[in-house]
Amino acid sequence: MSSEPSLAEAQTRRGRLRGAAPAGLAGIGAAALGVGLGEFAAAFLQTTASPIVAVGALLIDLAPPWAKDTAIALFGTADKIALIALVAVVLLVVAAIAGVLERARPPWGRVLIGLIAAIGAVAVATRTPFSPLDTVPPLLAMVVAVLTLQFLAKTLADAEQRARQRSRESAVAVARGSAVGATGRAAASESETEGAAGVEVESTATPAGVDRRRFLIYSGASLVVGVIAAASGAALSAGTRAVTAVREAIALPAAAVKAAAVPAGAQFDIPGLPPVVTPNADFYRIDTALSVPLVNPEGWSLRIHGLVDNEVTITWDELLALPLEESITTLMCVSNEVGGGLIGNALWLGYPLRELLKRAGPQADADMVLSKSADGWTASTPIGALTDDRNAILAVGMNGEPLPAEHGFPVRMVVPGLYGYVSATKWVVDLEVTRFDRVNAYWTDRGWSAEGPIKIGSRIDVPSAGSLNAGPTTIAGFAWQQHTGIEAVEVQIDDGEWMPTELAAPISDDTWLQWKLDWDAPAGEHSVRVRATSSDGEVQTDARANVVPDGATGHHEITVNVTA
């Protein structure tokens with residue numbers, strides 16, 4: 001016997017392959033409609049229960065530190081956009097599989113859709129804060145997606161059934177035509193009569209092509225409506241929330257203590273060198289909030305409790321009534337690679353945390369303050385960094401305006417000298433005075449060190465790595481050692497001697513500063529590296545270390561090809 005598949009088996013296999021594509025489309029259309037309406041419902045109800053955002057946030061919480069570092073290294077401050085895109089792509093793939101499964105083994109496609117929706121519901125339920133209303137968007141998404149998949153799968157099955165029926169009728173007609181030639185005119189006459197009856201039967205049925213077009217229209221409409229609903233939800237969320245209007249209407253009080261003016265010599269006029277004070281739009285953003293928490297200042301308050309003599313609660317109006325102070329402070333993310341851009345410098349307006357903690361009266365055995373954001377994220381800050389003479393503040397303003405939403409509006413913490421993961425809590429609502437041996441914060445639970453002092457560092461901003469024309473040029477960049485200051489910056493070209501650079505006027509020990517070196521660049525390929533020395537004599541190490549567990553080390557080095 002031949003091992004080749006029969007003609008019938010081959011046709012069946014081709015039919016399954018042809019049917020997989022429209023079945024996948026049915027799954028995608030159903031998921032798009034469900035998720036789109038869920039996103040719109042989340043925006044309309046003004047909840048934090050966006051299905052996609054909730055799932056993405058859950059993935060951030062569950063991801064190991066190396067995954068977070070890889071995402072930041074690959075996408076930088078666009079890591080959240082990349083995660084949302086990944087969630088959407090995975091959802092579409094699973095939805096297509098569900099559509100194919102529903103066609104072949106109903107109701108397992110709907111079961112798969114239900115499981116995915118259940119994951120979204122669990123993700124929403126684990127977010128902080130949570131209310132029963134938050135369950136509406138994911139449940140709506142599940143019901144709509146399941147019912148839509150059921151309807152589209154039935155429409156597709158009806159179209160395929162009619163197509164098979166027409167195929168069988170065509171085969172019968174061909175067989176009857178053959179019989180006519182074999183049996184003569186009498187048989188032919190009888191066959192024509194039967195054929196006429198067959199034609200009459202076909203004419204009463206809906207053409208299969210019409211059924212298939214109807215399925216495609218329904219599937220396409222589900223996809224389009226879902227996309228429109230999701231886009232409308234995004235627009236509604238971004239444009240109509242009361243918090244946005246409140247922020248725009250806020251006029252911050254004048255500072256009781258003004259920051260010292262930026263020295264005239266703090267900024268070199270060098271093309272390509274960023275400004276010494278970073279504009280809000282250019283300030284890096286790294287946090288775990290996939291969707292920016294929108295906190296209305298009218299309902300905001302900060303609670304200070306734990307190992308204190310007096311529990312303290314302060315409202316927004318009470319905070320603004322205090323004598324606010326200005327300070328220019330550099331912030332840096334612990335995930336900043338050597339030479340990276342996850343660092344910025346801004347003018348902040350706020351109230352000293354040491355004064356608020358003094359009201360509470362921390363007990364003698366307390367050594368840490370656990371700060372919590374409105375979305376439940378936590379940071380562990382050494383209490384000494386909040387009670388010494390540095391400008392650790394509850395900030396309400398950034399570069400002359402209320403904090404942008406993505407940078408912590410209405411209130412955030414700014415603590416010089418510490419990486420952001422242990423200090424720079426945005427949307428802060430709670431300070432618990434406690435001990436390191438009693439409580440772990442978000443990132444210390446994930447393998448990072450409990451205390452995160454910023455390490456001495458420097459980077460080269462110009463020239464950028466690549467090609468350069470021979471002749472006079474300028475090498476320039478930034479250096480920092482917060483709460484200590486920079487004494488010197490040196491540059492080494494190839495394996496030559498370390499050469500001193502010219503330093504810009506420092507704003508303060510809590511800010512970065514610019515440096516530059518004039519160089520007559522000869523033709524050829526050259527390596528350029530930089531190192532800094534702090535005011536207390538610490539020389540930046542050349543030993544390379546990864547960002548985990550407490551920040552990267554090493555000399556920033558670029559390669560330039562100088563052409564004659």
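The largest cavity has a volume of about 140 Å³. A cavity here is a set of points, on a 1 Å grid over the protein atoms alone, where a 1.4 Å probe fits but cannot get out. Grid points are joined across faces, edges and corners, and a volume is the space filled by probe spheres set on the points. The count comes to 1 cavity of 30 Å³ or more. Of the 18 residues that line the largest cavity, the closest to its centre are M332, V338, G457, W480 and A552. Lining residues have an atom within 4 Å of a point. The lining divides into 8 nonpolar, 8 polar and 2 charged residues. Nonpolar covers Ala, Val, Leu, Ile, Met, Phe, Trp, Tyr, Cys and Pro; charged covers Asp, Glu, Lys and Arg; the others, Gly among them, count as polar.

This is a predicted model: local features need pLDDT of at least 70, side-chain atom pairs count only at pLDDT 80 or more, and totals for chains, interfaces and linings use all residues. Residues are numbered from 1 along each chain as its sequence is written, and side-chain values use heavy atoms, with hydrogens and water left out.

**Sheets**

Strands (E, at least two residues) and helices (H or I, at least four) are DSSP runs, numbered from the N terminus. Two strands pair if DSSP finds at least two bridges between them.

Another open sheet has 4 strands in the order 11-13-17-16, and its pairing is antiparallel. Its edges are strand 11 (457-462) and strand 16 (502-503); each has a single partner strand, so one side of each is left without a neighbour in the sheet.

| Strand | Partner | Bridges | Opposite residues |
|---|---|---|---|
| Strand 14 (residues 486-493) | Strand 18 (residues 524-534) | 7 bridges | I486 and S534 |
| Strand 13 (residues 471-480) | Strand 17 (residues 513-521) | 9 bridges | T473 and W519 |

**Loops**

The loop between strand 11 and strand 12 contains P463. The peptide bond from V462 to P463 is cis, with omega near -5 degrees. A cis bond also runs from V548 to P549, with omega near 10 degrees. P549 sits in the loop between strand 18 and strand 19 (556-563).

N399 is a residue other than glycine with a positive phi, near 55 degrees. Its place is in the loop between strand 7 (393-398) and strand 8 (401-402). W427, also not glycine, has phi near 50 degrees. W427 lies in the loop between strand 9 (412-414) and strand 10 (428-434).

Burial is judged by relative accessible area: buried is under 20%, exposed over 50%, partly exposed in between (1.4 Å probe, protein chains only). N399 is partly exposed at 25% relative accessibility. W427 is buried, at 3%.

**Helix 5**

Helix 5 (residues 108-125) has 18 residues. From first C-alpha to last, helix 5 reaches 25 Å, close to the expected 26 Å. The expected span is 1.5 Å times one less than the number of residues. Buried in helix 5 are G109, I113, G114, A117, G120, A123 and V124. An α-helix has 3.6 residues a turn, so residues three or four places apart point the same way.

Definitions and conventions. 1 Å grid on protein atoms, 1.4 Å probe; cavity = no way out; pocket = protein on both sides within 12 Å on 5 of 7 lines; lining within 4 Å.
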